[in-house]
Amino acid sequence: MSKINYWHMQMHPDDKSFAEEHICYVLEQKRVIGLGTWDDGEATIDTFCTQMQVNDVVAIKNGERLVALVQVIGGCYQVNDDLTNTGWIKNRRPVRILDWEIEDKSIPQPRGTLARCVSDNAETTRIIKKWHERVNKLLEKRGLSLYV
């Protein structure tokens, strides 16, 4: 088992209100996380497609507010023929939803589309890892696998 990386990301085209209205639907019904394309977005898209790995854990946020904790279960792929309101999500990865944040918790890093948690001492990293540890305990009690 390779090392699990922790990430936090936002998913909305240009308007955070999209996430407020649709992000739970996208996660629950489409079971994907993803990014669109935008000027100067190549490095972020490359990171999403090449550095993020299966079993990595991603905290989905809207601004600083946490929305869900997901586990990456597959590789990056592109979708160019989605004519629905999720058509802007061109670069996608399938996920397993680990937990929903229903208590309006937040992290101290509201900005940024995608960021890897690189410092174990950072408050954001500690919050996400602690959340994941709680979820793992529940998964183990239920006899569910922690990894894909």
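The stops below pass through a pocket, a buried arginine and two loop residues in a predicted model.

**First stop: the largest pocket.** Select H12, P13, D14, W38 and T113. Among the 14 residues that line the largest pocket, these lie nearest its centre. The space in this pocket amounts to about 300 Å³. Its lining comprises five nonpolar, seven polar and two charged residues.

**Second stop: R92.** Select R92, which lies in strand β6. Is this residue buried or exposed? R92 has a relative accessible area of 6%, and because buried means under 20%, it counts as buried.

Move to the loop between α2 (42–51) and β3 (57–62), where N55 is placed. N55 is not a glycine, yet its phi is positive, at about 80 degrees. Its relative accessibility is 5%, so N55 counts as buried.

Finally, select D104 in the loop between β6 (91–100) and β7 (114–116). D104 likewise has a positive phi, of about 60 degrees, although it is not a glycine. Is D104 buried or exposed? With a relative accessibility of 58%, D104 counts as exposed, because the cut-off for exposed is over 50%.

Key. Residues numbered from 1 in each chain as written. Predicted model: local features only at pLDDT ≥ 70, side-chain atom pairs only at ≥ 80, totals over all residues. Heavy atoms only, no water. 1 Å grid on protein atoms, 1.4 Å probe; cavity = no way out; pocket = protein on both sides within 12 Å on 5 of 7 lines; lining within 4 Å. Points joined across faces, edges and corners; volume = space filled by probe spheres on them. Nonpolar A, V, L, I, M, F, W, Y, C, P; charged D, E, K, R; others polar. Helix = DSSP H or I, 4+ residues; strand = E, 2+ residues; numbered from the N terminus. Buried < 20%, exposed > 50% of the residue type's maximum accessible area, 1.4 Å probe, protein only.
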